[in-house]
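Dear colleague,

I am passing on the structure we spoke about, together with notes on what was found in it. Please have it open while you read.

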Amino acid sequence: MSLPKKRKTDAADGGGGEGSAGEEEDGGERDPGGPGEAQESEQGARDRLYYECYSDVSVHEEMIADRVRTDAYRLGILRNWASLRGKTVLDVGAGTGILSVFCAQAGARRVYAVEASDIWQQAREVVRLNGLEDRVHVLPGPVETVELPERVDAIVSEWMGYGLLHESMLASVLHARAKWLKEGGLLLPASAELFLAPINDRTLEWRLGFWGEVKQRYGVDMSCLEGFATRCLMGHSEIVVQGLTGEEVLARPQRFAQLQLDRDDLQQELQAGVGGRFSCRCYGSAPMHGFALWFQVTFPGGDGEKPLVLSTSPFHPETHWKQALLYLDEPLQVEQDTDISGEITLSPSRDNPRHLRVLLRYKVGDQEEKTKDFRMGD
């Protein structure tokens, strides 16, 4: 799940709300009143725009076509058949309904597929086409407002955004866990981990060096544009979503955060900021362009099975999440055993909680410690 350059889970956040933010539940108009009302209305408008992004088929095509992602969810669900057979499941952000169908195939007695975007209508068609209307119930609306007839034995959701936390859909999963999951219930996936590593981006290196090669190609010296290119391509605060290879990673990846989805205080941590310290040594000599951020999630092993890991690492097959790149303002030359250390914090944007902010504090070798504030979506 992840919007600006990608999409979100198989669906949008807990569901695609019907009813405008300016109406009361009984249909009467709400007095726009004070600042609290205005803020609520503004967030409601943001949520509607978010849900609309998942009403288009291209978003769901990208997600389902990602074999690494979709096979991981399918296997993660089917391997837990012993815990799902005859039980009830809540699919948070069901999208086109494929995860709900997987749960039914694993033996679930009843699946509540909650979807906030208009794609819920197509999900209902998918359920009908697969002959599962009696077991999979598609419920339109955000999971924060949808009412279920019972508590559930398991929750499944593909909630991960770029850099794991962009789109802030995990908050909806935690809301569903607190309100609808039975004590000791199953979470699929059950945990997530965040990793960071320094990188040499070969594509960026080629682009920065391009201007020094123009004279050789065309007889016109344009090397004076190298500094301008560096400012344009690196001197910004945007988080860049791009796939790398393991060969572009300059040091041993550092795990700086782990999220257990059954923790009672996880929502507070998300609001305060998720992060940690890192420290590593470079493998060899290369220009360092920044850091790559990625994640992995883990599904419980089920009946005697090993836990299943879905990784977005550059050392694993590429997923539609790719990696989130945090560029320095300019390249730094590193050598073998150059020490790199610092601290990173991921938090929701103040302007829009669905957007991601990353605060990076880093020190490379003998260089002075620096800080850079990154954003996605703002």
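**Two helices in contact**

Leu204, Arg207 and Leu208 of helix H8 are in contact with Glu226, Ala229, Thr230, Leu233 and Met234 of helix H10. By class, the residues of this contact comprise five nonpolar, one polar and two charged. Helix H8 covers residues 202-209 and helix H10 covers residues 226-234, and their axes, which come within 9 Å, cross at roughly 145 degrees. Please keep in mind throughout that this is a predicted model.

At least three residues of the core come from each of domain 1 (52-158) and domain 2 (192-376). As general background, nonpolar side chains tend to be buried together in soluble globular proteins.

Leu170 is also one of the buried residues of helix H7, where Ser172, Val173, Leu174, Ala176, Arg177 and Trp180 are buried as well. The cover over the buried residues of H7 includes strand E1 (88-92), strand E4, strand E5 (181-188), strand E8 (254-260) and helix H11 (266-272).

**The loop between E4 and H7**

Two residues deserve a look in the loop that runs from strand E4 (152-156) to helix H7 (170-180), and Ser157 is one of them. With a relative accessible area of 1%, Ser157 falls under the 20% limit and therefore counts as buried. Which residues does Ser157 contact, leaving aside its neighbours within four places in sequence? They are Tyr73, Asp91, Val92, Met169, Val173, Leu188 and Pro189, and of these Val173 is among the buried residues of H7.

The other residue is Leu164, which lies in the loop between E4 and H7 and has a positive phi of about 75 degrees although it is not a glycine. Leu164 is buried, with a relative accessible area of 1%.

**Further backbone features**

Leu188 and Pro189, both of which are in contact with Ser157, are joined by a cis peptide bond with an omega of about -5 degrees. Pro189 itself is placed in the loop between E5 and strand E6 (191-199). A positive phi is also found at Lys322, a residue other than glycine, where the value is near 50 degrees. Lys322 belongs to the loop between strand E11 (308-311) and strand E12 (323-334), and its relative accessibility of 27% makes it partly exposed. These features are listed because most residues other than glycine have a negative phi, and most peptide bonds are trans.

**Salt bridges**

How many salt bridges does the structure hold? The count is 18, and I describe some of them here.

Arg109 pairs with Glu150, with the closest N and O atoms 3.5 Å apart. This pair links distant parts of the chain, since Arg109 is in the loop between helix H5 (98-105) and strand E2 (110-115), whereas Glu150 is in the loop between strand E3 (136-140) and E4, and 41 residues separate them. Arg109 is partly exposed at a relative accessible area of 39%, and Glu150 is partly exposed at 24%.

Glu238 and Arg375 form another salt bridge, in which the closest N and O atoms are 3.1 Å apart. Because Glu238 lies in the loop between H10 and strand E7 (240-242) while Arg375 lies in strand E15 (residues 370-376), the pair ties together parts that are 137 residues apart in sequence. Glu238 has a relative accessible area of 25% and is partly exposed, and Arg375, at 27% relative accessibility, also counts as partly exposed.

A further salt bridge brings together the side chains of Glu213 and Arg217, at 3.4 Å from N to O. Glu213 is partly exposed at 33% relative accessibility, as is Arg217 at 44%. Finally, Arg277, Glu343, Arg361 and Glu369 are linked in a network of salt bridges.

Technical notes: Residues numbered from 1 in each chain as written. Predicted model: local features only at pLDDT ≥ 70, side-chain atom pairs only at ≥ 80, totals over all residues. Heavy atoms only, no water. Helix = DSSP H or I, 4+ residues; strand = E, 2+ residues; numbered from the N terminus. Buried < 20%, exposed > 50% of the residue type's maximum accessible area, 1.4 Å probe, protein only. Contact = heavy atoms within 4.5 Å. Axes fitted to C-alpha atoms, helices over the stretch in contact; angles between N-to-C directions. Nonpolar A, V, L, I, M, F, W, Y, C, P; charged D, E, K, R; others polar. Salt bridge = Lys/Arg side-chain N within 4 Å of Asp/Glu carboxyl O. Domains from an automatic or database assignment.
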